[in-house]
Amino acid sequence: MKKNKLTLKDMSNASGQLVELNQEEFMKLPPPYNTPDAQPPLKALTEEARGKFECDLDGFMAIKILRPKSRDEEERLVNKFLDGLRKLLSKENNWTFLMPLSLSLEYCAKCQTCSDACPIYVSSGKKEIYRPTFRAEILRRIVNKYIRKQGAFSLKMTGNDIELNWKLVARLAELAYRCTLCRRCAQTCPIGVDNGLITHELRKLFSQELGIAPEEIHTKGSVQHLQKGSSTGMIKQAFADTLEFLEDDIEEKIGRRITMPIDKKGAEILLIHNAGEYLSWPENPSAFAIIFDAAGIDYTLSSEIVGYDAVNYGLWYDDFQLARVALKHAQIAKDLGVKKIVVGECGHAHKAISVIADRIFTGDLNIPRESCIPILEDIVVNEKIKLDPRKNDFPVTLHDPCNMVRLMGVVEPQRRILRKIAPQFREMEPHGVENYCCGGGSGFAIMPSLNFPDWRSSVSARMKFKQILDAFQDIIDPSIKKMVCAPCSNCKGAIRDLLAYYNAWEKTGIAYTGLVEIIVNAMVDIKEPYIEWPEF
Amino acid sequence: MTWLPYLSYISLLVLVGGIVVKVIKYIRMPIHLRWELYPVPHENKEGSYFEEIDWWKKPRKKHYLNQIVFMAQEILFIRALYHHNRKMWYASFPFHFGLYLVIAWLALLVGESLLKIFGVIGGVTEALQSVAVVVGVAGMILGTIGCVGLLIMRATTSDLKGYTAPTDYFNILFILAVLGSGIIAWFFADPHFSVVQEYIRGLITFSVAATPSKTIAWYITLFSLFLIYLPFTHMTHFFMKYFMWDKVRFEDEPNFRGSSIEGKIAKALNYTQNWSAPHIQTGKKWSETASKGVE
């Protein structure tokens, strides 16, 4: 293991695990987590996993790359990596991001302004390997040496001399999954370089050329989504059964039955939820049903495969998977004859279908897409349903999902809603477009294998945890119940795991929920509290 | 030194040619997927049009003035560095602002030359000359301070050292040499920059007659060599910022049916891709691969 300060060349030269994480060096957390014993120890990989998979980066594993059996296999994989890199820089193969990628590869001034904007780099105690420019600079050097074929003198002068071997490729693959693509780094760059984009493109190279991606986002994610209907594995019949269950549950909770419209031709809106909500937080789609029913919104859900799951994991790692899911969503909307597609509380699904896939749709598949947040704002702020803010008389803070806020610009409507219905609403700092990622972005929230969840909760989500604790620091006593509102399924998943990891409900009284649950909780017509706090 | 004007002409040709080649390279790139980053200043708020219901039915309001003001702050005052890396800003701001003043100085000298070519002499040209001296000297001194500051930072800050290549030092030293030779030329040989202005006038009229002194010739030579070198470096970010900010970070133009954007997308979807991972049908058009699904 590397003892001295890590250099870029160590990625290909050093043997064994490159860095060891030391919890004592991590960014300090506020009370009651300001003592070393308040933090759970990090799990180590088993010897079996170490022997079987490539894990020579930081002792954690996001993707399971089998160790090559021979030098020939290593060489074949390295050559494939180079093939992929050439494709990444060609317009036929990568028209989708050629310009942004080329610009970010060519114009970095290496001023390191982006470093302190990165929550992972800062939370880890400024581990060099997590610096936003580290992986980007590795890729730049490989491009300059092996693709643009700079001469020996030029390589020496420009500092681009790096040896490309399997060790480097395997570490780079893993390192591509130590960034949540929150793009906070890009926001601070005085030139406009985007190291988050370089990470995104690296992930694409590995997926589209070498077939390497975390199984939770590829095989069990986008592939399952396209083949079975949902990344959760929920098949069409199970979706119908789930809706029936939700209708029963709503009836039990509010005393009247609400029918959730399915496959209603000619409806105004096709509403698509992250299917994870149906399984993990059924109260969220139920809350939508209650609000839309009360406000008289003309909408439908779809029971077509893919149509009942808004997620689009391709956004994080593969342009083709992204396009396939987005086109399927559009086709379903077209077949139903709806006027627009509205995405429920799922940040990445928002960005995937509204922003990124905007330049994949042509002709009659180019159906307007909209966030659920402005509709909810219209219902709440214009008092289309009766609400009593006193029913939400507990402290609430708002988490800004990166994909919805910094990367799509939906910033204020959710705040106007909370100001209207939550009298004790308070902001985290920083917030809005300068927010910090939940730590589960870019797929991390749904990657539970091996010891990766430990890394997520202790490193990538650490800054978010600090923000949450800081927001409630004056009322941190666990007897005061407080709520984090996270209008995004993946963020909720990450925050759920984060709060559980630190035993936060018991120690601080902090719980989490979505936005619609807080709205329904304030509805005058619903007598019993809709929000169910965890049990002590 | 009869070669000096030729060097100056060559340097201008290489500079303009290099810029044109780089710009054309990026202009000819296909349309890319949207990748904007908020705040987008022409949206006139932190958020976007996605905050509105039925946004596509409403007229697009783009506040170009906001964007111009935002970019002016970014370019002139290095706003992002000021907010996010103040230590480096103390060196980078004088460096960049000094260079802007030097460019303004050159523009003033060109303006003065043109006026003289067209027979305007007297008060206006004298005023331009006086302003040029102040702007030029201020620019060279500020730029020199910035260069020294950047060199010290790159050589001594651990965050920067590991990522700084010999060419990065060379680039700063080159600029330092150009600015330093300018200060020397001003101080020892050309206190009103009248010789340099005469030289520029000669270049414009293709009639450089007098041979400047060695001190000034050194300055002009270094300056010309720098202009030749510039297009081959990442220092061209001064104009590539247009693509990085306007064409990527602020590019939130929606794709409407029948729009020119849709036409460009249709063209891109026609490209044949050859990615070779098992879930991608290599050798097919983009549109076919995307619509077929996983086989």
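This is a predicted model: local features need pLDDT of at least 70, side-chain atom pairs count only at pLDDT 80 or more; totals for chains, interfaces and linings use all residues.
Local features need pLDDT of at least 70 and side-chain atom pairs count only at pLDDT 80 or more, while totals for chains, interfaces and linings use all residues. Residues are numbered from 1 along each chain as written, chains are lettered from A, and side-chain values use heavy atoms, without hydrogens and water.

The largest pocket holds about 1300 Å³ of space (a pocket is an open set of points on a 1 Å grid over the protein atoms alone, with protein on both sides within 12 Å along at least five of seven lines; its volume is the space filled by probe spheres set on points joined across faces, edges and corners). Its lining counts 48 residues (those with an atom within 4 Å of a point), and Leu99(B), Ile103(B), Phe226(B), Leu230(B) and Phe238(B) are the closest to the centre. H4(B) gives the largest share, 11 residues. By class, 37 lining residues are nonpolar, 8 polar and 3 charged (Ala, Val, Leu, Ile, Met, Phe, Trp, Tyr, Cys and Pro are nonpolar, Asp, Glu, Lys and Arg charged, the others, with Gly, polar).

The second largest pocket has a volume of about 580 Å³. Among its 21 lining residues, Glu106(A), Asn144(A), Gln150(A), Thr158(A) and His234(B) lie closest to its centre. This lining has 5 nonpolar, 9 polar and 7 charged residues.

The largest cavity has about 190 Å³, and Thr180(A), Trp316(A), Asn403(A), Gly441(A) and Ser442(A) are the closest to its centre of 23 lining residues.

How values were computed
On a 1 Å grid over the protein atoms alone, a cavity is a set of points where a 1.4 Å probe fits but cannot get out, and a pocket is an open set with protein on both sides within 12 Å along at least five of seven lines; lining residues have an atom within 4 Å of a point. Helices (H or I, at least four residues) and strands (E, at least two) are DSSP runs, numbered from the N terminus.
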